[in-house]
Amino acid sequence: VVNLATNSVPSVVALNRIIQLNNGVAKALRRIVEQPGDDRVVNASVAAFNEQRREADTVCADYQKLFSDSEDERLFITANAARQAFLDAADRAIALARGEKRAEGATFLRDEVEPLLDRTGDAFNKDIDHNIKLAGREADTASLKVARSLWTIVPGIALATLIGSLIGWSTVRSTQSALDSINLAIKAGIDKTN
């Protein structure tokens, strides 16, 4: 349960955040390439592009502390490589659009960058699926441990109750016997006195 809370869930959240940030980078890239004549839109889009890219870089760097197993690490490295290819292509699309090759930049965005974004999303989704599968295993293990605990605790409680009942019955019986002896001794003393 601790592993679910400290690794599996944060891993899925981080991977999903990377996908969202990549999509934000792509949205800003589209505005840069498709509206190159509007300096206000382009400058705001470049700022958004750079900010979301930096944030995604930070999340990617932090994610390396969350590797669950070697498969998680492999899937993440593959996804991050796809992300880097997408970002390299995005940089090239910006260079084309800003270098007065707007039509070529738009074509490159559509034909090259967007398929790379799709591959990147698919790769990160595979890692998410892997982490969800691991979380399911961890939940199953926790449930199994609870079931085993119940099979240990319930008979233990039943045995303790039985032993406690036997001790209680024995104590009551010996106390009753002692009280009966005292009662007989008192009666005998009273009879002697009389």
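1. Helices (H or I, at least four residues) are DSSP runs, numbered from the N terminus. Helix α4 spans residues 102-193, and Leu162 lies in it. The model is predicted, so local features need pLDDT of at least 70 and side-chain atom pairs pLDDT 80 or more, while totals for chains, interfaces and linings use all residues. Numbering starts from 1 along each chain as its sequence is written, and side-chain values use heavy atoms, without hydrogens and water.

2. Helix α1 (residues 2-34) packs with α4 at about 170°, the axes being 9 Å apart. Because angles over 145 degrees count as roughly antiparallel, α1 is roughly antiparallel to α4. The residues of this contact comprise 17 nonpolar, twelve polar and five charged.

3. Salt bridges (a side-chain nitrogen of Lys or Arg within 4 Å of a carboxyl oxygen of Asp or Glu) number seven in the structure. In the one between Arg30 and Glu114, the closest N and O atoms are 3.1 Å apart. Arg30 belongs to helix α1 and Glu114 to helix α4, so the pair ties together parts 84 residues apart in sequence.

4. Four aromatic pairs are found in the whole structure; rings of Phe, Tyr and Trp (its six-membered ring) pair if their centres lie within 6.5 Å, and planes over 60 degrees apart count as edge-to-face. Phe76 and Phe124 have ring centres 6.1 Å apart and planes at 65°, so this pair is edge-to-face. Phe76 lies in helix α3 (residues 70-98) and Phe124 in helix α4, 48 residues apart.

Note on methods: Helix = DSSP H or I, 4+ residues; strand = E, 2+ residues; numbered from the N terminus. Axes fitted to C-alpha atoms, helices over the stretch in contact; angles between N-to-C directions. Parallel < 35°, antiparallel > 145°, perpendicular 65-115°, else oblique. Nonpolar A, V, L, I, M, F, W, Y, C, P; charged D, E, K, R; others polar. Phe/Tyr/Trp six-rings, centres within 6.5 Å; stacked < 30°, edge-to-face > 60°.
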